[in-house]
Amino acid sequence: MKNIILCGFMGAGKTVVGKELAKIMGCKFVDTDELIEKEQGIAVKAIFAARGEEYFRKLEAEICNRIGETKNCVVSTGGGTLTFKENVEAVKKSGKVVFLDASFETVCERIGENSTRPLFQDRESAKALFDERREKYLDAADYVVSGDNSARKTALDIASIFK
């Protein structure tokens, strides 16, 4: 099986849906942010604070290149990962991209008021980023699935595309 690569804004459900989808598909689950945290030994937020976004994006690009060489995985990408063309090209070597298209309202409900996410510190800026990234996700996507449903329903919707 080729990889199924999930993209979407923070709070769209990529990790939770990805884990559920991997169970349904009987394959491995990989989260790019978790891989980076494990390899760096610190949280994404700490990487942003200590080394900056540019450094973090380099780490993401390295992970995407490695994912391009794998198979039989459901991959959850970070919210900004597939907004970069070179990352899209790298991951598409091994699979298809599914955009979890969640509304901004759903994202806000899931993230909550006290977000620790570095790029979600103020709603107005987050909304502008959401709008900007949505177009890039659509460009990257082979398939678009609603991210507003439950994780189980979304995972089942995606599984039906690939079975």
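A: Start with pockets. On a 1 Å grid over the protein atoms alone, a pocket is an open set of points where a 1.4 Å probe fits, with protein on both sides within 12 Å along at least five of seven lines; lining residues have an atom within 4 Å of a point. This is a predicted model: local features need pLDDT of at least 70, side-chain atom pairs count only at pLDDT 80 or more, and totals for chains, interfaces and linings use all residues. Residues are numbered from 1 along each chain as its sequence is written, and side-chain values use heavy atoms, without hydrogens and water.

Q: Which residues line the second largest pocket?

A: Lys28, Phe29, Val30, Asp31, Glu34, Leu35, Ile63, Arg66, Ile67, Thr70, Cys73 and Val75. Two or more residues each come from strand E2 (28-31), helix H2 (32-40), helix H4 (53-67) and strand E3 (73-76). Helices (H or I, at least four residues) and strands (E, at least two) are DSSP runs, numbered from the N terminus. E2 gives the most, with four residues.

Q: Is Thr77 buried or exposed?

A: Buried means under 20% relative accessible area, exposed over 50%, partly exposed in between (1.4 Å probe, protein chains only). Thr77 has 2% relative accessibility, so Thr77 counts as buried. Its place is in the loop between E3 and helix H5 (85-92).

Q: What does Thr77 touch?

A: Contact means heavy atoms within 4.5 Å. Leaving out residues up to four places away in sequence, Thr77 touches Ile5, Leu6, Cys7, Lys14, Thr32 and Leu82. The backbone oxygen of Leu6 lies 2.7 Å from a polar atom of the Thr77 side chain.

Key
A polar contact is a pair of N or O atoms within 3.5 Å; within protein, one must be able to donate a hydrogen and the other to accept it, and residues adjacent in sequence count only if both atoms are side-chain atoms.
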